[in-house]
Amino acid sequence: MYVAVKGGERAIDNAHAWLAEERRGDPAVTELSVAQIREQLSIAVNRVMAEGSLYDPDLAALAIKQARGDLIEAIFLIRAYRTTLPRFGASLPVDTGAMRCDRRISATFKDAPGGQVLGPTFDYTHRLLDFKLAAEGETPHAPTATPTPGPTPHIMGYLDCEGLIQQEPESDSTPPDLTREPMELPADRALRLQALTRGDEGFILSLAYSTQRGYARNHAFVGELRIGAVAVEMGIPELGFAIEIGEVVLTECETVNQFKGSKTEPPQFTRGYGLVFGQTERKAIAMALVDRALRWKELGEEDQGAPAQDEEFVLMHADNIQATGFLEHIKLPHYVDFQSELELVRKLRREAEGFATQEAAE
Amino acid sequence: MSDEFDRKAWMGLLARAPAADLDRLWARAGFAPEHSYLRPPEVGGVMVRGRAGATGAPFNLGEMTVTRCALRLADGAVGHGYVQGRGKQHAVQAAMVDALMQGPQAKEVRAAVLEPLAEAEASRRAARTAKAAATKVDFFTMVRGED
């Protein structure tokens, strides 16, 4: 139990003043601007938006600056800010098929219509430190080419046509929202996807990796991975029609998994789905694998007792703000608790010693 | 009203436009219509939804910041602004453009504000698409040795 204590105000104020000074670092070094963070540390900004569950690059960059680069602390700041915003409503579900793709690859179909577009990727880099970046260099310029006109359809659509992949049940129902009501288990897929997309990248990554290593094995191919901007539309009651209220960059991953069939389902491919704010590829792939593992019950698969199949385990531990809040609170004053524990141990020791003396005397 | 810009299209364009671009064009155009707020500019959040497997049931992806504003011009035209981000001035200017577009100044507003915004957006998008196109993979099959 946490017990309120008084005192220490001056120490706290001074600690925060020192924090501000340390945050600034050596004043001889130029101060980092929020715009610099937004533009040049964009992958960190994307992670803070995804797990902070609020798409606003400027706010995420500010949070990273304030948190001295501690991304979980930055996510905490964004989550706290988010709660102060009045909710205007919910968007129509975004159409990722109409995404303007910066990147779009498939590990299953080489000749997918629209092609394999690598985009600004770390893939195929040699992971050697580039010391040129340590010096101020020229502005790099990316080559351009004439784009081939035409849509970039979802690759899954082709398997869908042949009936070889499990269909997604169509629905326009209002999904549950874990930011409004406490999470209830068992959760439906919509609630699981919400929890996964805002879940801790490291946690989701490790769970996904565990499924690849054999804990709830479901061999996944990346059917398609796409990154790009999609329009966000919302119905406006005072207008009586829907308008675009902006656009967001998303990463979407669709996995294709082998499935031998079950009592209820024919042999076919099944799917896992990842959709995350920003360019957040690792997270989106991991989300798709964990989503697939959690679907064992609806697909009539065997419960292997693997962590990634355990809905309660996954959903109740995926949120890094809940986790860090509970973890870190144990460092706050617990003096009264501890006093009672101390008394208890002393008492037990006295009793044990008394018993031993008594035994020796006999 | 133009064919290219129906109300839905211009409101979307204003929502997506960088606030600084709209501000510059608005200031340069020199429109300063008298107005009263029906809803003063207000920052809030909208829950963005996706669909499971891209085509299935909706789920909540996360929120985005949005600023909205509603106003009435002296001639009675009502304008609404819903814009991405936390720019109150952005929302007010969007609402004024929306209101003016419904009146006799529509042609001037379109030329001074909407068309330059649309051109800037199109060129931003084209530049990205061209960079993406340059990263498209051309596969070629290696000649096998056995025959």
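**Domain and chain interfaces**

The side chains of A:Arg79 and A:Asp319 form a salt bridge, at 3.0 Å from N to O (a side-chain nitrogen of Lys or Arg within 4 Å of a carboxyl oxygen of Asp or Glu). The model is predicted: local features need pLDDT of at least 70, side-chain atom pairs count only at pLDDT 80 or more, and totals for chains, interfaces and linings use all residues. Residues are numbered from 1 along each chain as its sequence is written, chains are lettered from A and ligands numbered from 1 in the order in which they are written, and side-chain values use heavy atoms, with hydrogens and water left out.

The domain assignment, automatic or from a database, divides chain A into domain 1 (9–82), domain 2 (96–120 + 151–167 + 180–324) and domain 3 (334–362). The C-alpha centres of domains 1 and 2 of chain A are 29 Å apart. Their contact (heavy atoms within 4.5 Å) takes 13 residues from domain 1 and 19 residues from domain 2. About 1300 Å² is buried between these domains of chain A, 59% of it from carbon and sulfur atoms. Buried area is the accessible area (1.4 Å probe) that two parts lose on being put together, summed over both. Two salt bridges cross this domain interface.

Between the chains, 75 residues of chain A are in contact with 52 residues of chain B. Chains A and B bury about 5400 Å², 61% of it on carbon and sulfur atoms. Nine salt bridges cross the interface of chain A and chain B. One of them joins the side chains of A:Glu244 and B:Arg16, at 2.4 Å from N to O.
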